[in-house]
Amino acid sequence: MTKRPMTTHRQRGSIHTLLSRPSPFGNESGSLPVGEFPPNVDGGDNGMRNDGLSQKILVVGAGGLGCEILKDLGMLQIVREVTVIDLGDTMDLDSISRCCLTFDHYTIDVTNLNRQFLFRQKDVGSSKAETAASFINARCPWMKVTPYHGKIQDKDSEFYKQFSVVISGLDNIEARRWLNGMMSSLVQFDEDGDPVPETIIPLIDGGTEGFSGQSRVILPRITSCFECSLDTFAPSKAVPLCTIAETPRIPEHCIAWAFILQWPKIFEKKLDADSPEDMKWVYETAAERAKQFGIEGVTYMLTLGVVKNIIPAVASTNAIVSAACVNEALKVLTFCSQSLNTYMMYIGSEGINSFTFIMEQKDNCPVCTTQTHKVTLSGSTTLNELLQQLCEGEFRLQAPSITSSTKTLYMRKPAALEKATKANLDKPLKDLISSGEELVVTDRVFPDTSLGLVVTLMD
């Protein structure tokens with residue numbers, strides 16, 4: 001019989017015990033193996049790799065999910081170093097169809113306090129990332145949390161390479177696409193075209209919406225990525241409750257701010273969505289706020305739609321999904337158990353229901369595959385119409401630029417190049433390219449990644 005290592009009273013029943021004992025369910029025995037689990041028979045707390053859990057973990061987001069994730073990492077008591085970046089909405093003031101990933105003004109609002117438990121009344125107006133890090137550092141001195149309050153695109157690939165795992169707790173589809181693209185771009189390939197394991201950084205993605213949520217494990221270039229499942233996220237007009245009190249970027253934020261935050265301050269009665277007088281007040285208040293921030297698009301009809309379509313933020317859903325995310329992070333760091341392959345869905349609206357399934361890799365994914373995409377168009381189709389198809393079709397691009405093998409067809413930046421190529425937007429494709437020519441499309445949601453597009457022109 002194998003003699004078990006001695007454990008202290010503090011360690012008994014803790015994660016240390018789990019990591020010190022052999023297991024028939026080591027990571028290598030699962031359907032998505034990442035590594036082999038060797039028990040830490042010496043009884044230390046450094047995990048199963050030579051450098052152990054001193055490995056760096058990146059947490060993206062310090063809101064409802066992010067607070068729970070940081071708490072769960074701290075309560076493991078074996079994680080040593082965590083970096084947290086907090087970001088707000090990703091919509092540019094220039095256009096609601098463009099993604100700018102701006103996080104400068106994402107601060108704590110009083111409406112966050114009921115579920116983002118790392119914050120207090122005195123923290124209102126402060127940076128979420130910095131406040132969350134300060135709270136955890138004081139409460140969990142064994143774990144150092146370093147905050148960043150800014151733009152994630154300001155961090156280059158070298159910044160992301162330093163982490164052993166990335167846990168995403170974002171509430172915005174476009175921000176999750178950007179992060180997914182960055183992690184995929186870090187993977188290097190050997191001479192045979194196979195991914196180099198050391199360059200694969202697991203991405204644990206969590207998301208919640210009301211009483212539903214999901215957690216998934218993404219091994220860039222190995223499993224399906226976030227972009228592969230983009231079709232499952234239908235474009236939504238719903239407004240995440242945790243973002244409406246922050247700096248508004250789109251009309252829906254202004255409308256939600258008016259009736260959720262301002263109405264209770266002015267009126268004692270409950271808002272009646274069927275009352276023309278009530279809706280007129282909400283519309284006018286939202287329009288005034290939109291004017292202050294230079295946002296266009298607030299209409300009376302849009303106001304009616306937003307008032308009846310708000311996503312509630314549920315603390316229990318955040319707790320369940322964040323626990324699942326941290327559980328998967330522990331597995332890929334220590335190999336102590338079988339990793340999720342690849343998707344866990346939680347539905348809590350009617351009882352408690354969760355299930356797992358394999359999200360298959362999409363053959364023509366523009367992020368995790370190198371396949372060239374083909375499209376057949378009329379020669380009279382304009383370049384602008386092609387770009388609109390790329391934005392509204394399966395790829396759901398935000399601000400594409402496009403080049404051929406011989407020239408730049410349209411480039412959004414720098415301003416001088418955009419001015420020089422803007423005239424091409426109204427020209428028919430037959431005047432710009434040859435049938436069967438391969439074009440290269442870039443977009444801000446795909447960092448360091450391009451889309452190969454072969455266009456066949458019909459007469």
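Me: Where is the place of Arg221?
Reply: This is a predicted model. In it, phi of Arg221 is near 70°, a positive value in a residue other than glycine. As for its place, Arg221 belongs to the loop between β6 and β7 (239-240).

Me: How many of the 7 residues of strand β6 are buried?
Reply: Strand β6 spans residues 212-218 and is mostly covered. Buried here stands for under 20% relative accessible area. The number of β6 residues that count as buried is 6.

Me: Which residue in β6 is the bridge partner of Asp205?
Reply: Strand β5 covers residues 203-209 and is joined to β6 by 7 bridges, with the two strands running antiparallel. β5 and β6 form a hairpin with 2 residues between them, and Gly210 in the turn has a positive phi of about 65°. Within this pair, the β6 partner of Asp205 is Arg216.

Me: Which residue in β9 is the bridge partner of Gly213?
Reply: β6 is also joined to strand β9 (residues 343-347), by 5 bridges. These two strands run antiparallel. The residue of β9 that is bridged to Gly213 is Tyr346.

Me: Does Phe335 count as buried or exposed?
Reply: Phe335 is found in the loop between α9 and β9. Its phi is near 65°, a positive value in a residue other than glycine. The relative accessibility of Phe335 is 10%, and the cut-off is under 20%, so Phe335 counts as buried.

Me: How many residues of the contact of α2 with α9 are nonpolar?
Reply: The crossing of these two helices is right-handed. From α2 the contact includes Leu65, Ile69, Asp72 and Leu76, and from α9 it includes Asn318, Val321, Val326 and Leu330. The residues of this contact comprise 3 polar, 2 charged and, as the nonpolar share, 10.

Me: Which strands stand at the edges of the open sheet of 5 strands?
Reply: The order of this sheet is β11-β15-β14-β12-β13, with mixed pairing. Each edge strand has a single partner strand, so one side of each is left without a neighbour in the sheet. Neighbouring strands of the sheet are turned by 35° against each other on average, direction ignored. The edge strands are β11 (373-378) and β13 (408-410).

Me: Which residue in β15 is the bridge partner of Glu437?
Reply: Strand β14 (residues 437-442) and strand β15 (residues 450-458) are joined by 6 bridges. The two strands run antiparallel. In β15, Glu437 is bridged to Val455.

Me: What is the omega of the peptide bond from Lys413 to Pro414?
Reply: Pro414 lies in the loop between β13 and α11 (415-421). The peptide bond from Lys413 to this proline is cis. Its omega is near 0°.

How values were computed: Residues are numbered from 1 along each chain as its sequence is written. This is a predicted model: local features need pLDDT of at least 70, side-chain atom pairs count only at pLDDT 80 or more; totals for chains, interfaces and linings use all residues. Side-chain values use heavy atoms; hydrogens and water are left out. Buried means under 20% relative accessible area, exposed over 50%, partly exposed in between (1.4 Å probe, protein chains only). Helices (H or I, at least four residues) and strands (E, at least two) are DSSP runs, numbered from the N terminus. Two strands pair if DSSP finds at least two bridges between them. A crossing is left-handed if the near helix is turned anticlockwise from the far one by less than a right angle, and right-handed if clockwise. Contact means heavy atoms within 4.5 Å. Ala, Val, Leu, Ile, Met, Phe, Trp, Tyr, Cys and Pro count as nonpolar, Asp, Glu, Lys and Arg as charged, and the others, Gly among them, as polar. Axes are lines fitted to C-alpha atoms, for helices over the stretch in contact, and angles run from 0 to 180 degrees between N-to-C directions.
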